[in-house]
Amino acid sequence: MSLRKRTAVLISGRGSNLQALLDAAADPAFAAEISLVVSNIPEAPGLARARAAGIAAKTIAHRSYPTREAFDADLDRELRAHGIEIVCLAGFMRILSDGFVKAWAGRMVNIHPSLLPAFKGIDVHRRVLDAGVRVTGCTVHFVVSELDSGPIIAQAAVPVLTSDTEESIAARTLEAEHRLYPLALRLLAEGRAKLVGNKTEFSDESSGAGALFNPAA
Ligand code: GRF
């Protein structure tokens, strides 16, 4: 019997973060196994990555549901049918209803391509460049009802160069995302990061310290 945490990854598109999680979980010593991939978009290229890894890939097309709640209810049923314990949002472009978010509180995480709480929402890299910040990055956080606002599990810092374009900063940030998401999922799956009230608690100092990368510029 496996003690690895059964994890679902929710996607809407390319799925490069899904790939990073699949690659990390290919190691049997990794504390989470990817058991299910769900896309709300039937054409999402990420679905092929799941199938290539031999993992159940399911489309729940939000367009065929009359309400957000009806979509979320089916999603919830699917997750439970697969015995899912952890949900990772990875480029999942759907707002989830309050009821769904509460049902999965402390067990659902998201990755966002900025150092939250700065630059929530969309068009992140454009706004990073406009603001002239010298450091940006990415964040893995617990999902709460307010968008991009949940307690933080891990962050990676990424330098902003004067020559950067939206594309170059997105690419550099994405590389950091691919290293950060597996690390954050491991902290959660090993019980070393936990949602307690509205804060993340770390069971040991090293898991907090390990949550920050400082890549050389
Ligand atoms: C990533 O930049 C992620 O931070 C954001 O959406 C993008 C998804 O990319 N939430 P991918 O589908 O994982 O390649």
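In this predicted model, a backbone N or O atom of Gly15 lies 2.8 Å from an oxygen atom of the ligand. The ligand alone exposes 370 Å², of which the protein buries 83%.

**Ligand site**
- The largest pocket is where the ligand sits.
- The shell consists of Arg14, Gly15, Ser16, Asn17, Gly91, Ile111, His112, Pro113, Leu174 and Glu177.
- Sorted by class, five of the shell residues are polar, three are nonpolar and two are charged.

**Backbone geometry in the loop between β5 and α5**
- Most residues other than glycine have a negative phi, and most peptide bonds are trans.
- The peptide bond from Leu116 to Pro117 is cis, its omega being near 10 degrees; Pro117 belongs to the loop between β5 and α5 (124-131).
- Phe119, in the loop between β5 and α5, has a positive phi near 60 degrees.
- Phe119 counts as buried because its relative accessible area is 17%, under the 20% cut-off.
- Asp123 is also placed in the loop between β5 and α5, and its phi is positive, near 60 degrees, in a residue other than glycine.

Key: Residues numbered from 1 in each chain as written. Predicted model: local features only at pLDDT ≥ 70, side-chain atom pairs only at ≥ 80, totals over all residues. Heavy atoms only, no water. Near = heavy atom within 4 Å. Polar contact = N/O pair within 3.5 Å; in protein donor to acceptor, adjacent residues only side chain to side chain. Areas by Shrake-Rupley, 256 points an atom, 1.4 Å probe, with all protein chains shown as cover. 1 Å grid on protein atoms, 1.4 Å probe; cavity = no way out; pocket = protein on both sides within 12 Å on 5 of 7 lines; lining within 4 Å. Sits in = over half its atoms within 2 Å of the grid points. Nonpolar A, V, L, I, M, F, W, Y, C, P; charged D, E, K, R; others polar. Helix = DSSP H or I, 4+ residues; strand = E, 2+ residues; numbered from the N terminus. Buried < 20%, exposed > 50% of the residue type's maximum accessible area, 1.4 Å probe, protein only.
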